[in-house]
Amino acid sequence: MAVPWWRGGVDPLWGLRAMNREVARLLNLPEPGAFPPVNVYDSDEEMVVEALLPGVGTSELDVTVTGDSLTIKGTKPEPPDVPEGRFARRERGSGSFSRTVRLPEHPDGDRVKAVYRDGIVTVRLAKSQSSRPRRVSVETS
Amino acid sequence: MGSDSTSPDASPVRVGRADRDVREPVQTPPVDLYETDTGWVLLADVPGVGKDDLEVEVDRGVLTVRAAMNSEQPTGRPVLEEFARADYFRTVVLSDEVDWERISANVRDGVLTVTMPKAEQARPRRIRVEPG
């Protein structure tokens, strides 16, 4: 949902930009200008993904997990019923968005929980038993 | 995505940037500002801010918004960090046309709405034209 910098309607570097984003996504690098901005945290038991989605209600929000990918889709609404020309400033942006982030590892399919509060969606994904680190006790012979 | 359809100067409400003493670091929330028949509405994206974390203040014609991002950072190693947990700060210079005593503010789903009614003398009045 980044503001198109090219005002002519066609972005001549669209292909390059798309590739840049794809590389960033695969390497888990921050993608400047991507919407929504996302933080990912990794601990022994779970992974937590947070996304900033001010003004996007839960009815406008769609969270999907496929393998080790998490996709957040939705629509950021426009201010209601504002006649054209009445805006003195417009910085917030609106429209539909879709963002996919790669998770540090595969989550346990069923144990995923998403909560939306004060404009932030927090998705908690439990790690599958097999991928969790296990301590192995060393016995003396 | 819309762009400014009028220049900011066309509006009697000016929107400023953080320039006063605030706890650093702060972030400047993006805003929409538009005019209605009865006044102006300012919307600001402040994710992580609840009703108790918000301070809206009018002093000598300047509206100041301060808001604390009060969401706890999850435990675990950060593997991707695109946003910071910093407080929000923004100032708006009001014109004489705003009835600053009747300004009201509300926050919902991380969006702050400040409603600024026009002062009585600035409101459009319909003048009835009588037949001669």
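In the hairpin formed by S3(A) and S4(A), with two residues between the strands, Gly67(A) has a positive phi near 60°. Strands here are DSSP runs of E, at least two residues long, and helices are DSSP runs of H or I, at least four residues long, both numbered from the N terminus.

Before going on, the ground rules. This is a predicted model, in which local features need pLDDT of at least 70, side-chain atom pairs count only at pLDDT 80 or more, and totals for chains, interfaces and linings use all residues. Residues are numbered from 1 along each chain as its sequence is written, while chains are lettered from A and ligands numbered from 1 in the order in which they are written.

S3(A), residues 61–66, and S4(A), residues 69–76, run antiparallel and are joined by six bridges. Two strands count as paired if DSSP finds at least two bridges between them. Within this pair, Val63(A) stands opposite Ile72(A). How many of the six residues of S3(A) are buried? The count is zero, and the strand is hardly covered. Buried means that 20 or more other C-beta atoms lie within 10 Å of the residue's own; exposed means 12 or fewer, partly exposed is in between, and the C-beta atoms are placed from the backbone.

Now chain A as a whole. Its secondary structure comes to one helix and eight strands, in the pattern α-β-β-β-β-β-β-β-β along the sequence. Of its 141 residues, 26% are buried. Taking contacts with a separation of 6 or more, 56% of those in chain A are between residues 24 or more positions apart. A contact means that the two C-beta atoms, placed from the backbone, lie within 7 Å.

Some backbone details in chain A. Most residues other than glycine have a negative phi, and most peptide bonds are trans. Phe35(A) and Pro36(A) are joined by a cis peptide bond, with omega about -5°. Pro36(A) is in the loop between helix H1 (14–26) and S1 of chain A. Asp118(A), not a glycine, has a positive phi near 50°, and its place is the loop between S7 and S8 of chain A. Is Asp118(A) buried or exposed? Asp118(A) counts as buried because it has 20 C-beta neighbours inside 10 Å.

Ser130(A) comes after strand S8 (120–127) of chain A. Ser130(A) has 8 C-beta neighbours inside 10 Å, so it counts as exposed.

Next, chain B. Chain B has ten strands and zero helices. Buried residues are 27% of its 132 residues. For contacts with a separation of 6 or more in chain B, 56% involve residues 24 or more positions apart. Arg60(B) has a positive phi of about 45°, although it is not a glycine. Arg60(B) is in the loop between strand S5 (54–59) and strand S6 (62–67) of chain B. Arg60(B) counts as exposed, because it has 7 C-beta neighbours inside 10 Å.

That brings us to where the chains meet. The contact takes 34 residues from chain A and 38 from chain B. On the chain A side, S1 (38–42), S2 (46–52), S5 (87–90) and S6 (95–102) each supply at least two residues. Which strand gives the largest share of that side? S1(A) does, with five residues. The residues of the chain A side divide into 17 nonpolar, nine polar and eight charged. Nonpolar here covers Ala, Val, Leu, Ile, Met, Phe, Trp, Tyr, Cys and Pro; charged covers Asp, Glu, Lys and Arg; the others, Gly among them, are polar.

Strand pairing also crosses between the chains. S5(A) pairs with S3(B), residues 31–35, in the antiparallel sense over three bridges. In that pair, Phe87(A) stands opposite Tyr34(B).

There is also an open sheet of five strands, antiparallel in its pairing, with the order S7(A)-S8(A)-S2(A)-S1(A)-S7(B). Its edge strands, each pairing on one side only, are S7(A), residues 107–117, and S7(B), residues 77–81. Inside this sheet, S1(A) and S2(A) pair over five bridges, and Asn39(A) stands opposite Glu50(A).
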